[in-house]
Amino acid sequence: MRRATALVVGLALLAGCARVSDDSARRADGRLPERWRGFNLLEMFVWPTDDPTPAYREWDFKKIREWGFNFVRLPIDYRYFTHGGDWNDLDEARLQVVDRAIELGEKYDIHVQVCLHRAPGYCVNPTGTEPADLFADATAQAVFARYWGTFARRWRRWPNRRVSFDLVNEPPKIPEAKYAAAIRPALAAIRAEDPDRLVFSDGRDGGNEPTFALAGERGVAQAMRGYRPMSVSHFGAPWCAGLTTSLPPVWPLATDAPEGILAGPGKPTLRAPLVVEDVPAGRLALHFGGVSEKVTVRVTGDGETLADVTLRPETNSPRWRSVAVHPKWKILQGDYVGVETVRVARAVKRLEIGLAAGDWCHLTGVRLTANDGRTALLRITPRFAPARRFARRFVGFDAAQPFAVADGTSAGARSDGASASAGADWLEANVFAPWDRLAARGVPVMMGEFGAFRRCPHAVARVWLEDNLRLLKRRGWSWALWNFRGTFGVLDSNREDVMYEDCDGHKLDRALLDLLQRY
């Protein structure tokens, strides 16, 4: 009996050594076990849901594999396995839902990544609060570590090509050292149970900043986000005040467009009016986005007040979206989707648009219409930073770009001759550059989430997505769309500008699916 037991144990150890050796070899050159392409599945995303007993769907795994993809990420709210109650009451029976997902991954040759989207002490979602701060509280860190130790023990029989861990979704903008100190107990708990488990650390600042302090950690990869600019990816998203406007987004962005906000007296470092010189008689249509509390926008021409426009977020108004009290600042904010018109009775040498009173607002565009009907549009990129290129000069309706910056170069609305690489160039500089520096140090990188909310015009979303996908493929990096079914996904997104196909009772966005399959 003892000889038989010893034989079984020996075979198990050999199998385990074979897995570790294989996975270590695959990670040695800074690459993942393979290039993963797939989707986030949201069955355990936010507790509670209408279904108290969530289950990942085999149909999803079957279709994902059938369509040529090989990866799913499971963002999980820890309250599912604590019954929404005491942190310390971890009910492992609730993890059988995840067990089943991993088994489906094995059946359909799909890698499964387990992620704590809501962890004890932190969630990027603005709704709800945690009783302690994961990144400052030792008790929260100990509970967090215990969860990951439990996961590592429970799923250690699965090789890295089947299962990986993503510690906590989109940590806040905090110093590297503070973040690393908070998660190292969890890494130690994982290593104690499964020394070679592949673990991902999401970028700080919502997934956008890599953590170089972890670059030397064995078996730790990092995950970026692909949502910038948010004015494209989250246009119209009801949980993101400040990203909806009466002007739909364009891509690529005008690289020399004005950037900034209209700020009130309480924000002197951000406070600057938009100035446009040589404005002919006609009408100005002012397009806004986010508005914080009550503001008064003043338009002047050659020092004379032409109009004062007062805006204040209103619930249940067709002119306002995403109206809510900011959870941190306790200020009512919302997106203004109306258009305010200002008459310019005569030509003015210097037009100014600024905030006479209030906190801040986004001015997202100024459309000038001459008395003869000709129009020109100046788009403004909202950015919480000192204003850039806010001094313009109108150079004519027939110009390819009717508004010039102060040094005389053209700007404003994109011309038809914009560079085909302009979008990719922007992403290289503003999204990929820091992650390239991390990858150069041998750290595997993937894009754990990206996608465009359903209100972003489909044609714009596809061009923006393809720029991201090209850059990911060029680097050989993995990616996962948020989500498979839902407002970012290939199924049941409920876009208003898509001709859907029926797919077993689901609405399939064939154009988006075809795009993803190419990369």
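These legends accompany several close-up views of one predicted model.

In this predicted model, local features are described where pLDDT is at least 70 and side-chain atom pairs where it is 80 or more, while totals for chains, interfaces and linings use all residues. Residues are numbered from 1 along each chain as its sequence is written, and side-chain values use heavy atoms, with hydrogens and water left out.

**View 1**
A nonpolar core is a set of buried Ala, Val, Leu, Ile, Met, Phe, Trp, Tyr and Cys residues joined through side-chain atoms within 4.5 Å, where buried means under 20% relative accessible area, exposed means over 50%, and partly exposed lies in between, with a 1.4 Å probe and protein chains only. The largest core has 96 residues, and the members that touch the most others are Phe-61, Phe-144, Trp-148, Phe-165 and Val-490.

**View 1. An aromatic pair between Phe-69 and Trp-479.**
Rings of Phe, Tyr and Trp (for Trp, its six-membered ring) form a pair if their centres lie within 6.5 Å, and the pair counts as stacked if the planes are under 30 degrees apart, as edge-to-face if they are over 60, and as tilted otherwise. The whole structure holds 28 such pairs. In the pair of Phe-69 and Trp-479, the centres are 6.1 Å apart with 70° between the planes, an edge-to-face arrangement. Helices (H or I, at least four residues) and strands (E, at least two) are DSSP runs, numbered from the N terminus. Phe-69 lies in the loop between helix H2 (58-66) and strand E2 (71-77), whereas Trp-479 lies in strand E23 (residues 478-481), so that the pair links distant parts of the chain, 410 residues apart. Phe-69 and Trp-479 are both buried.

View 2. A charge sits over a ring if NZ of Lys or CZ of Arg is within 6 Å of the ring centre and within 35 degrees of the ring normal. Arg-197 lies over the face of Phe-165 at 5.5 Å from the ring centre, and Lys-507 lies over the face of Tyr-500 at 5.1 Å from the ring centre.

**View 3. Strand E2 and the strands paired with it.**
Every residue named here on E2 is buried: Phe-71, Arg-73, Pro-75 and Asp-77 point one way, while Val-72, Leu-74 and Ile-76 point the other way. The strand is mostly covered, with 7 of its 7 residues buried. Two strands pair if DSSP finds at least two bridges between them. Strand E1 (residues 37-40) pairs with E2 in the parallel sense over 3 bridges, and Gly-38 stands opposite Phe-71 in E2. E2 also pairs with E3 in the parallel sense, over 7 bridges, and Gln-113 in E3 is the bridge partner of Arg-73. The chain crosses from E2 through H3 to E3 in a right-handed β-α-β crossover, a term used if, with the strands pointing away from the viewer, the path from the first strand over the helix to the second runs clockwise.

**View 4. Thr-364 in strand E17.**
Thr-364 belongs to strand E17 (residues 360-370), and it counts as buried because its relative accessibility is 8%. With neighbours within four places in sequence left aside, the contacts of Thr-364 include Thr-245, Leu-247, His-287, Phe-288 and Pro-382.

Most residues other than glycine have a negative phi, and most peptide bonds are trans. A cis peptide bond joins Trp-251 to Pro-252, with omega about 0°, and Pro-252 is found in the loop between helix H7 (230-233) and strand E8 (262-263). Another cis peptide bond, with omega about 5°, joins Trp-482 to Asn-483, and Asn-483 lies in the loop between E23 and strand E24 (501-503). Asp-109, a residue other than glycine, has a positive phi near 55°; Asp-109 lies in the loop between helix H3 (96-107) and strand E3 (111-119) and counts as partly exposed because its relative accessibility is 40%. Asn-494 is not a glycine either, and its phi is positive at about 60°. Asn-494 lies in the loop between E23 and E24, and at 42% relative accessibility it counts as partly exposed.

Technical notes
Contact means heavy atoms within 4.5 Å.
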